[in-house]
Amino acid sequence: MRFSGLRVLREGLTGNRGWQAHWRDASPKAAYDVVIIGGGGHGLSTAYYLAREHGITNVAVLEKGYLGGGNVGRNTTIVRANYFLPGNSEFYSHSLKLWEGLEQELNYNVMHSQRGQIVLFHSDGQRDAAIRRGNAMRNQGDDAELLSIGQLKKVLPYLDYDQGRFPIYGGLLQRRAGTARHDAVAWGYARGASERGVDLIQNCEVTGIDIEGGVVKGVQTSRGAIRAKKVAIIVAGRSSQVAAMAGMRLPIESHVLQAFVTEGLKPCIDHVVSFGMGHFYISQSDKGGLVFGGDLDMYASYAARGNLPLVEHVMEAGMTLMPMIGQAKVLRSWGGIMDMSPDGSPIIDRSPVEGLYLNCGWCYGGFKAVPGSGHCMAHLVATDRPHTAAERLRLDRFRTGRGLMDEEGTGAQHNLH
Ligand SMILES: Cc1cc2nc3c(=O)[nH]c(=O)nc-3n(C[C@H](O)[C@H](O)[C@H](O)COP(=O)(O)OP(=O)(O)OC[C@H]3O[C@@H](n4cnc5c(N)ncnc54)[C@H](O)[C@@H]3O)c2cc1C
């Protein structure tokens with residue numbers, strides 16, 4: 001089934017009776033070439049690119065809940081490629097390029113909106129750091145513009161420029177950054193994978209990983225055993241638990257990150273705005289809600305809900321930056337479990353077990369990575385070689401200390417920065 005304006009018109013005039021389910025709700029077979037554990041954004045995009053780029057379609061995605069019920073449907077939808085360090089820089093640049101053709105490729109409206117992201121800076125030192133980051137982004141081939149305070153006042157007139165604590169000096173703008181509708185991204189990839197023959201199996205929890213003589217043989221699930229030649233662990237916040245089923249101890253800690261949305265308002269915030277000093281960022285959804293968030297909840301947890309001190313902290317930061325936000329009513333808040341790596345950068349790699357692959361460490365930035373991660377992961381699983389854009393996302397950097405990418409400069413304990 002292809003989507004088009006004509007199709008919408010025809011369905012509208014004929015009672016919307018021609019739409020079909022977006023994907024087959026498959027039941028598990030006894031064996032697959034590839035089993036993907038986790039039906040989030042990264043698992044689904046990996047399945048899609050395995051089928052599309054490598055012709056590997058005897059694939060199952062096993063999801064313990066429902067597709068898109070994890071972080072892929074819980075994030076604040078920011079898509080950008082403004083990383084500084086080699087490794088991250090080329091990977092996120094690759095991902096943003098895939099975003100730019102995604103709707104046409106999937107024939108699915110993921111509402112990708114390149115409205116621009118502005119990262120504020122508040123001192124001369126931070127301005128220098130922003131200039132360096134902007135130069136690194138441009139060297140990578142991406143866009144970056146430094147905005148003076150005068151330019152900033154024109155595009156973000158609602159900020160409080162008179163506040164004493166964090167005076168605003170300017171901002172770094174990436175025009176190609178923006179937002180996308182998070183669950184549509186999961187649905188679009190699910191549809192594309194299912195159309196190419198991938199089995200998407202919901203309510204199927206992996207409870208064990210079968211390994212014989214150092215080689216993966218399959219998985220145990222709540223719906224029986226499934227044999228597989230290759231198994232990919234792509235479970236974000238649950239990475240440590242699932243990897244432990246294969247006897248691995250990953251350098252990953254799981255932490256809660258919260259998000260908030262207000263009632264629908266008339267358009268007032270055109271960009272994504274990041275206020276790093278205050279741990280606050282915000283954008284406005286197409287429905288009108290102000291979508292915003294802040295920092296981690298500061299303790300390791302598998303509970304997908306947050307605590308009140310962080311709620312207060314985020315609200316204070318919002319009021320500091322843009323007092324007008326005090327007029328809006330918060331409708332909802334929620335939390336997701338983040339797979340925090342010690343250097344804040346991801347892992348796309350083979351594991352010490354033959355045929356078992358790892359994709360994790362996305363921290364709070366894995367939504368923007370969904371296309372790039374799936375593309376590079378599929379390449380790794382299909383060819384056993386890393387994709388050029390993900391060559392530095394190696395697991396052993398945490399053992400050897402070589403190639404660490406401490407993007408945030410916060411070190412291994414994110415709660416102490
Ligand atoms: C509040 C919040 C805001 C965020 N904001 C942004 C943002 O603005 N921009 C950005 O780039 N990133 C953001 N992120 C991060 C981003 O959402 C995640 O990094 C990314 O979605 C993680 O990858 P995923 O989509 O594959 O994860 P998930 O959707 O969590 O997928 C993992 C899946 O694995 C399944 N699973 C786990 N264990 C098992 C098992 N044993 N058997 C079978 N299935 C299993 C889970 O049920 C889940 O569906 C945010 C996250 C949160 C929580």
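Helices here are DSSP runs of H or I with at least four residues, strands are E runs of at least two, and both are numbered from the N terminus. With that settled, C363 sits in the loop between strand 18 (356-360) and helix 10 (370-383).

Two notes on the source. This is a predicted model, so local features need pLDDT of at least 70, side-chain atom pairs count only at pLDDT 80 or more, and totals for chains, interfaces and linings use all residues. Residues are numbered from 1 along each chain as its sequence is written.

Back to the backbone. Most residues other than glycine have a negative phi. C363 is not a glycine, yet its phi is positive, about 50°. Is C363 buried or exposed? It counts as buried, because it has 23 C-beta neighbours inside 10 Å. The cut-offs: buried is 20 or more other C-beta atoms within 10 Å of a residue's own, exposed is 12 or fewer, partly exposed is in between, with C-beta atoms placed from the backbone.

N203 also has a positive phi, near 50°, and is not a glycine. Its loop joins strand 8 (199-201) and strand 9 (206-212). N203 is partly exposed, because 13 other C-beta atoms lie within 10 Å.

Next, helix 5. Which residues of helix 5 are buried? A130, R133, G134, M137 and Q140. They cover an arc of only 120° around the axis, so they lie on the same side of helix 5. The arc is taken over the directions from the helix axis to the C-beta atoms.

What do they pack against? Helix 3 (88-100), strand 4 (117-121), strand 5 (145-147) and strand 6 (170-174). Contact means C-beta atoms, placed from the backbone, within 7 Å. The face turned away carries exposed residues, including D124, D128 and R132. Just after helix 5, G141 takes a positive phi of about 105°.

Last, the ligand. 39 residues surround it, the closest being G38, G40, G70, G336 and G366. Where does the ligand lie? Between domain 1 (5-78 + 182-251 + 343-416) and domain 2 (114-176 + 254-340), because both give residues to the shell. Those bounds come from an automatic or database domain assignment.

Methods: A residue is near a molecule or strand if its C-beta atom, placed from the backbone, lies within 6 Å of it. Two residues are in contact if their C-beta atoms, placed from the backbone, lie within 7 Å.
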